[in-house]
Amino acid sequence: MWNAARFAASSLTRSTRRFSTAIPGPCIVHKRGADILHDPWFNKDTGFPLTERDRLGLRGLLPPRVISFEQQYARFMESYRSLEKNTKGQPEGVVALAKWRILNRLHDRNETLYYRVLIDNIQDFAPVIYTPTVGLVCQNYSGLFRRPRGMYFSAKDKGEMMSMIYNWPAHQVDMIVLTDGSRILGLGDLGVQGIGIPIGKLDMYVAAAGINPQRILPVMLDVGTNNQKLLEDRLYLGLRQRRLEGEEYISIVDEFMEAVHTRWPKAIVQFEDFQMKWAFETLQRYRKRFCTFNDDIQGTAGVALAGLLGAVRAQGRPLADFVKQKIVVVGAGSAGLGVLNMAVQAVARMAGNGEAAAKYHFFLIDKDGLVTKERKNLDPMAAPFAKDPGAIDGLREGASLVEVVKKVKPHVLLGLSGVGGVFSQEVLQAMRESDSAKPAIFAMSNPTMNAECTAKDAFKHAGENIVFGSGSPFDNVDLGNGKVGYVNQANNMYLFPGIGLGALLAGARIISDGMLQAASECLASYMTDEDIQKGILYPSIHSIRHITVEVGAAVLRAAVAEELAEGHCDVGPKELMNMSKEETLDYVTRNMWFPVYSPLVHEK
Ligand SMILES: NC(=O)c1ccc[n+]([C@@H]2O[C@H](COP(=O)([O-])OP(=O)(O)OC[C@H]3O[C@@H](n4cnc5c(N)ncnc54)[C@H](O)[C@@H]3O)[C@@H](O)[C@H]2O)c1
Ligand SMILES: O=C(O)C[C@H](O)C(=O)O
Ligand SMILES: [Mg+2]
C-alpha cells in the first residue's frame, strides 16, 4: 500500500533531501472521515489538502487552514525543544519520560511525521525511544499505558493463537520482534511490561532499515512473571501467575510460531530479551525451520566482533593478530556466550585450526568468578570456555575479576554481565598493565545504570590510551589539553536492522551463520584506519541508515551465495543472483520506506 512512497527511500542523500519535492504515488485507504483521523498510519492532522478533505469526508472535521509537512515538522521540533528547556535541572528520569511521552503521543497520532522526525534526529531521539529510556518506560509501563501497541499472546490464549493472529489489522507483516519479558536489558524479569523493547527495536527497524511501519509487529508472549513486586502490584497489566516452565512454556512459543507463519510465511521473527535458557533453546529449535534470529546472542556477537577487530586495528596490528588477543568476557549469559562463540569461529577462520588457541586466550567470568572445569554444575554452553584450573598463572576456579585482570593482562575487557560498576576502580587500574598498547574496554550492559563502568571512569582509571565502547550512550570524555576520549556505542542496533532487512529482501529461508558473519564483517570494515586510530570503532548513529543499507546488502549477498534466497515480491532468486554489488546496494536502498505524505485514495 505504501510502496509508492518508497521512491524516497534513499538515506544516502538524506541530509540534502529532507523535504523531497517529488510527488509520491497514491495510497489506498479503506476508511473515511474521522476513522482516518484516528488512524496514525494515514492521519496527516492539519496536513490534509482541501481536495483530499473533500474526497475522504474530512471537510469540517479539521480547522480550515492547511499546514504543510514542513510546518508540522517545525512545530513539533519547537515543542520538543521548549520541553527540553522547561525541564532543565529536573531529575534525569523525569526529563527522559517527558521526552518519551511527547514522542509517543506523536507516534500514536501520526506515524509519518513521527518517523520523519525520528530519522532526521536519530542521535537525539534514539536514546529516548530505544536504550536507555526504553528501560525506564518498561519499568513504568503499567502507569504509562494509554493505548495498546502490538499484540499480546498469553498463556491463557493456548489453542486460540491461530485465530488470534488474524485480529492484527495489517494484511502483510514483514518483521516481528518477540519477547517474553524475562530479561529486559539488565533490569531482569519485567513480565508484560517488556513490550516496550519490541516496540523500541521495531522503531529502529523503521528508522534505520526503512521497514514499512505498516508491516511491523511488536509481540509480547506473556507466560507469567517471577517478579514478586509485579505479582503483588494491583495495577500490573500482565498475567498474575508465575512463569510457565518446561513443556508448558515451549508449547506456547511453538503455537505462536506456527500461527504467525501460517498467516505470514515470510515474516522474520527476532527473539529479544529472553532469559538465557530459553534464548538458546528457542534459537536451536526454530532457526532451521523459520527465518528467525536471536538478537541478544547473534546480533550482539556480530557487533562485539566488529569492535574486537577494530581494537586490533587500533593497536596498529594486522587483523590476523586477533588470534593472539587475550580477551576477558565478564558475563556468561546469552550475550557473553554469543560473543565468545562468534569470536572462536572468527579465530578458526583466520588461523585454520585456531579454535583451541582461541579458547586458550579467552577467559570467561560469571557471578561466581572465573569459570573453570572445576565449576560445579558447569553450564554446557559455557563448558567450551572453562579453563583448566591453575593452568594459567595459577588462576583458580572462581578467581575474582580483578585477580584475572592482574594475572592475564588482557588486551580486551568486555562486560555483558548486566551489573553496573562491576569494572571497579581497581579493575580499571589493573587494565593499565594490559599487554596491549591500546587496551579495549567494552562496558556493554544496558541501560546506563547497568553499564560495567562509565566512560569517564574508564578513561580516568584505565588511562587515556584505551579504546572504549558502551551499550548505552555516554558523552565523549574531555581529557584536557584539547584531547577527547571517544565513546563508541557498542550496541546491537548497528546490526539487527540490516540483518532483518537483508533477510527480508533476499526472501531468505533461514538466517545462517554465514549471513551473520557477513553482517559483522561489513560493520568491521566500515571504519577507515584514520577513524580507528582515533579510537572510533563504529559509525556515528547519524549514519545508521547508511550502514544498515551496507549491512542489508551484505546479508542479502551471503543469503544468495548460500542459495538461501527465494526472492522478494517480484524479484526472483535468479535476479538477485545476477545483481552486482552496486545493484544490490541500489535494490536495498530503493526498497526502504521513507516517510512522506502520500495522496490517499478511498476504496470500499
Ligand atoms: N550492548 C548490547 O548490544 C547488548 C546486547 C545484549 C545484551 N546486552 C546487555 O548485556 C547484559 C547481559 O545480557 P544477557 O542476555 O547475557 O544476560 P544473562 O542474564 O543471560 O547473563 C548475565 C550473566 O552475567 C553474569 N553475572 C551476574 N553478576 C555478575 C558479576 N557480578 N560479575 C560477573 N558476572 C556476573 C551471570 O552469571 C550471567 O552469566 C544485559 O545488561 C543486557 O542489557 C547488551
Ligand atoms: O536493547 C539494547 O539496547 C541492546 C540489547 O538488545 C540488550 O538487550 O541490552
Ligand atoms: Mg536485547
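Where is the place of P447? P447 is in the loop between β11 (440–443) and α19 (455–462), where helices (H or I, at least four residues) and strands (E, at least two) are DSSP runs numbered from the N terminus. The points below place this residue and others in the structure.

1. Basis of the note. The model is predicted: local features need pLDDT of at least 70 and side-chain atom pairs count only at pLDDT 80 or more, while totals for chains, interfaces and linings use all residues. Residues are numbered from 1 along each chain as its sequence is written, and chains are lettered from A and ligands numbered from 1 in the order in which they are written.

2. Domains. The protein is divided into domain 1 (3–124), domain 2 (145–290) and domain 3 (298–493), with bounds that come from an automatic or database domain assignment. Between the C-alpha centres of domain 1 and domain 2 there are 28 Å. In the contact of these two domains, 8 residues of domain 1 meet 7 residues of domain 2; two residues are in contact if their C-beta atoms, placed from the backbone, lie within 7 Å. Helix α5 (residues 111–120) supplies 4 residues, the largest share of the side of domain 1 that touches domain 2. That side has 6 nonpolar, no polar and 2 charged residues. In this classification Ala, Val, Leu, Ile, Met, Phe, Trp, Tyr, Cys and Pro count as nonpolar, Asp, Glu, Lys and Arg as charged, and the others, Gly among them, as polar.

3. Residue L106. L106 lies in helix α4 (residues 92–109). With 21 other C-beta atoms within 10 Å, L106 is buried; a residue is buried if 20 or more other C-beta atoms lie within 10 Å of its own, exposed if 12 or fewer, and partly exposed in between, with C-beta atoms placed from the backbone. Leaving aside neighbours within four places in sequence, L106 is in contact with F76, L113 and Y114.

4. Annotated positions. Under "active site", an unreviewed UniProt entry lists Y130 and K201; UniProt positions are given in the numbering used here, feature names are shortened, and annotations may be inferred rather than shown by experiment. The two positions span 72 residues in sequence, yet no two of their C-alpha atoms are more than 7.0 Å apart, so they gather at one spot. Y130 lies in the loop between α6 (122–129) and α7 (133–139), and is buried, with 27 other C-beta atoms within 10 Å. Not counting residues up to four places away in sequence, Y130 touches G200, D203, M204 and M493. K201 belongs to helix α10 (residues 196–209) and is also buried, with 29 other C-beta atoms within 10 Å.

5. Ligand 1. The shell around ligand 1 holds 30 residues, of which the closest are G186, G333, D366, G418 and G471; a residue is near a molecule if its C-beta atom, placed from the backbone, lies within 6 Å of it. The elements giving two or more residues to this shell are α14 (295–314), α15 (334–350) and β8 (362–366). By class, the shell has 12 nonpolar, 14 polar and 4 charged residues. Domain 2 and domain 3 both give residues to the shell, so ligand 1 lies between them.

6. Ligand 2. Around ligand 2 are T131, L185, D273, D295, D296, N446, G471, N491 and N492. These residues divide into 1 nonpolar, 5 polar and 3 charged.

7. Backbone features. Most residues other than glycine have a negative phi, and most peptide bonds are trans. A cis peptide bond joins T131 and P132, with omega about 10 degrees; P132 lies in the loop between α6 and α7. Another cis peptide bond joins N446 and P447, with omega about -10 degrees. L185, which is not a glycine, has a positive phi of about 45 degrees. L185 is found in the loop between β3 (175–179) and α10 and counts as buried, with 26 C-beta neighbours inside 10 Å. N377 has a positive phi near 50 degrees and counts as exposed, with 4 C-beta neighbours inside 10 Å.
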